[in-house]
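Q: Could you walk me through a structure, one feature at a time?
A: Gladly; let us look at it together.

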Amino acid sequence: MSLLLHNSATMEETVFYIAEGDPADKHSQESFALATSLHTSQQYASFRQADCPRNGGVLTGTGPGERLFVASKSKALIQVYSWGKEGVDQRIPVPEPLSCLAVCYQPNVDDTAHKVPTYRVPWLLAGGSATGRVYIWELASGNLLCVKDAHYQKISTMKFSACGTFLVTGSDDARCLVWKTVDLISVYEKDDHLLQVKPFHSITDNTLPVTDLEISAGTINDVKLYTVSKDCTLRVYSLMTK
């Protein structure tokens with residue numbers, strides 16, 4: 001998998017990728033995650049033993065203080081790496097093995113007297129499982145805020161919108177579900193409130209598993225959702241108008 005990053009300080013484009021590895025190869029667990037220059041041979045960072053499912057790793061950014069979160073391929077575990085260190089910084093046990101991860105950054109609040117250092121600790125970490133569940137943690141406290149039965153089959157990909165308003169999940173059940181983040185993490189008096197939370201939008205146009213998705217940046221009214229599926233289609237949706 002790959003993620004294209006842009007470093008505004010140096011006007012440099014960086015590509016981040018993790019080799020999946022051959023399951024038949026006993027050394028596949030030694031796979032490296034690498035962040036390298038797109039135009040030169042310069043390598044900015046490497047992370048050892050970062051083998052994970054497709055879409056199972058997420059990098060918060062490039063530079064000091066940034067983190068790489070990787071879902072273990074065979075264990076109920078998330079490995080956390082610090083930028084500049086090859087080894088694992090922290091291992092976080094989770095309820096079940098995860099198939100994909102997504103990060104939501106701190107909301108921008110312009111009327112506050114101080115600025116939150118978003119590059120240090122993102123706000124939320126979401127994970128999707130092979131059983132179709134969505135998990136959401138608050139990274140600053142480590143609290144598990146949400147466990148939601150969302151899909152009938154494995155969640156293959158998930159992304160937050162840049163503003164954090166929406167979480168979109170794609171699955172092997174051929175559906176894409178758009179959730180309002182606040183609905184998933186709000187605390188209600190009733191213990192079963194998550195059972196009552198419904199998707200903001202359910203996309204059922206695909207006939208085969210959804211393999212990936214992307215959400216455009218911009219104002220919330222202009223945000224577009226791009227989905228790709230094994231039925232050989234790329235579909236574009238407006239999130240707000242559905």
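Q: In which sense do S11 and strand S12 (residues 144-149) pair, and over how many bridges?
A: Strands are DSSP runs of E with at least two residues, and helices are runs of H or I with at least four, numbered from the N terminus. Two strands pair if DSSP finds at least two bridges between them. Here S11 and S12 pair in the antiparallel sense over five bridges, and Val-134 has Lys-148 in S12 as its bridge partner. The two strands form a hairpin with five residues between them, where Gly-142 in the turn has a positive phi of about 80°.

Q: How should I take the model and its numbering?
A: This is a predicted model: local features need pLDDT of at least 70, side-chain atom pairs count only at pLDDT 80 or more, and totals for chains, interfaces and linings use all residues. Residues are numbered from 1 along each chain as its sequence is written, and side-chain values use heavy atoms, leaving out hydrogens and water.

Q: How do S10 and S11 pair?
A: They are antiparallel, over five bridges, with Leu-125 opposite Trp-137 in S11.

Q: Which residues does Ile-136 contact, beyond its neighbours within four places in sequence?
A: Contact means heavy atoms within 4.5 Å. For Ile-136 the partners include Leu-124, Ala-126, Leu-145, Leu-167 and Leu-184.

Q: Is Phe-16 buried or exposed?
A: Buried means under 20% relative accessible area, exposed over 50%, and partly exposed in between (1.4 Å probe, protein chains only). Phe-16 has 2%, so Phe-16 is buried. This residue is found in strand S2 (residues 12-18).
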